[in-house]
Amino acid sequence: MLTAVPLWRLRLRARATRWIVNAAAVAGLLASARFALLPPSSPRVGRQSGSDAAAELPRQAFAVQFTRAYLSWSAAEPEERRNALAAFAGSAISSEAGMTPPSSGSEGVLSTVVAQERTLTPKLHIYTVAADTDVRGLVYLTVPVGGGAGEPLYLAGYPAFVGPPAAAGAQAGSWGGAEVEDPALATVVSRALRNYLQPAPGELAADLTTGAHVSTPDVHLSLESLQSLTWAQGGGAVVAVVTASGSSGERYTLAYELDVVELNGRWEISAIEMDPDA
């Protein structure tokens, strides 16, 4: 049944709606102005924000570049090292960053990786860089990096040789949980890893969920056996330890984490070990 509503009441409702919308808009503008003038402080502890993570990459690159320039030298071409270090030394420390190479021989850096980072202040970070050299082997060098957050990066002091970060012995299976007792799931995992390692993406797709994106490795291997299959901590995934072999006779024991889901009584795989889109 239709009910008659006076025209004046309809107009009042329309005006009230406009007042509410306008009030909400004004409140939003006031909130935006407040955060622009007094932005909320970042949490002191927790995961890095996107901006923090973006600022971390240039600092790490700076530490790695200095390490390569500092540890690489040739007695036959001493100026090459001095030129490489000129951009880092500045006027606060000696031109060769405190290291005078020997009068004969040479040393080069084969590879580097940042092994540790310590934050002393928001603009002072200490990086431990692991450098594999062609003479002394693996060495660890701490590099103090200052600046960032809109300021140029700079070497904040002399480097130091240190020992490696503490590490315990391997603990096989420490990331797995209870053993998987479903033979159907074990069959799907074995078949998927066999097609993953060969690789045979067409056959692998039959065991993947709709929309799953799996990137197969360039190392082609043959799956020999599934040693163990356990549930990963947190659920929703399994950890498979397998034996595989290469075309030249090499053999491997490998561990893969697979995200699994049961759909209509059938197990399917949504990810294998890593997210290629991350």
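Strands (E, at least two residues) and helices (H or I, at least four) are DSSP runs numbered from the N terminus, and two strands are taken to pair if DSSP finds at least two bridges between them. The structure is a predicted model, in which local features need pLDDT of at least 70 and side-chain atom pairs count only at pLDDT 80 or more, while totals for chains, interfaces and linings use all residues. Residues are numbered from 1 along each chain as its sequence is written, and side-chain values use heavy atoms, with hydrogens and water left out.

Strand 11 (residues 251-263) is paired with strand 12 (residues 266-272) through 6 bridges, and the two run antiparallel. Within this pairing, Val261 stands opposite Glu268 of strand 12. The two strands form a hairpin with 2 residues between them, and Asn264 in the turn adopts a positive phi of about 55 degrees. Strand 11 also pairs with strand 10 (residues 237-245), in the antiparallel sense and over 9 bridges. Here Ser245 faces Arg251 of strand 11. The hairpin formed by strands 10 and 11 has 5 residues between the strands, with a positive phi of about 100 degrees at Gly249 in the turn.

At the N-terminal end, Asp182 caps helix 4, a side-chain oxygen lying 2.9 Å from the backbone nitrogen of Ala184. The buried residues of helix 4 include Leu185, Val188, Leu193 and Tyr196. With contact defined as heavy atoms within 4.5 Å, the buried residues of this helix pack against helix 5 (201-204), strand 9 (222-232), strand 10, strand 11 and strand 12.

Asn195 is located in helix 4 (residues 183-197) and is buried, with a relative accessible area of 10%. Apart from neighbours within four places in sequence, Asn195 contacts Ala200, Glu203 and Leu204.

His125 belongs to strand 4 (residues 124-133) and counts as buried at 4% relative accessibility. A polar contact (a pair of N or O atoms within 3.5 Å; within protein, one must be able to donate a hydrogen and the other to accept it, and residues adjacent in sequence count only if both atoms are side-chain atoms) links the side chains of His125 and Thr119 at 3.2 Å. Not counting residues up to four places away in sequence, His125 touches several residues, among them Arg59, Glu117, Val143 and Pro144.

Terms used
Buried means under 20% relative accessible area, exposed over 50%, partly exposed in between (1.4 Å probe, protein chains only).
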